[in-house]
Amino acid sequence: MEQFIVVGEIVKPQGLSGEVKIRPLTNDVSRFKKLRAVYVDTALCSVSTVRVDNGFVFIKFADADSREKAEKLVGKLVKVERLHALSVEEGEYFIAELIGCKFTTDDAGLNGIITNVWQHGAADVIEVELIHGGTLMFPFLKSLALKVDTAEKQVKVSSEALKKVAVID
């Protein structure tokens, strides 16, 4: 099992002093306010300030004191050590653990890899890059999931239930 959990992605510099805007990949954005250090890719970075605004997190790292330094961080993932990750309830999963999972339906009609999890509205939306081309998107509903094994990186869903809610591109 991985040593780190991805909690966000740096999307852009914010202002001139080195602050960055982060798209959170966690259900609880307030968790960022408790962090004193995070990993940006593999580098350990001290957190100077944190603020949350309109669903985004803005962090100023101790060693990023200019917009130019902040620009170099764009696209990088913000991680915490697994032992500092929030605990999840039965039937809940870290987004980072779902991304990269092999996806299949119970009738093996659709196969692919989970490439993203979108957090919009009532249910997270799973995006799957299908093996034979195209993209599949569906709400991650309990009625769909037959097996979710993040340790084995496998997600299996009901093909009948999927037909009712999926969008295939």
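Student: Which sense do strand S1 and strand S6 pair in?
Tutor: Antiparallel, over 5 bridges, with S1 at residues 4-14 and S6 at residues 77-81. Strands are DSSP runs of E, at least two residues, numbered from the N terminus. Two strands pair if DSSP finds at least two bridges between them.
Tutor: This is a predicted model, where local features need pLDDT of at least 70, side-chain atom pairs count only at pLDDT 80 or more, and totals for chains, interfaces and linings use all residues. Residues are numbered from 1 along each chain as its sequence is written, and side-chain values use heavy atoms, with hydrogens and water left out.

Student: What stands opposite Val 6 in S6?
Tutor: Lys 79.

Student: How many strands close into the barrel?
Tutor: 6, in the order S1-S2-S5-S4-S3-S6, with antiparallel pairing. The twist averages 45° from one strand to the next. Angles run from 0 to 180 degrees between N-to-C directions, with axes fitted to C-alpha atoms.

Student: And the open sheet, what order?
Tutor: S11-S12-S7-S8-S9-S10-S13, 7 strands with mixed pairing. S11 (145-149) and S13 (167-168) stand at the edges, each with a single partner strand, so one side of each has no neighbour in the sheet.

Student: Which sense for S7 and S12?
Tutor: Parallel, over 4 bridges, between residues 102-105 and residues 154-157. Thr 104 stands opposite Lys 156 in S12.

Student: New topic. How many disulfides?
Tutor: The count is 0, taking a disulfide as a pair of cysteine sulfur atoms within 2.5 Å.

Student: Is Cys 45 buried or exposed?
Tutor: Buried, at 7% relative accessibility. Cys 101 is buried too, at 0%. Buried means under 20% relative accessible area, exposed over 50%, partly exposed in between (1.4 Å probe, protein chains only).
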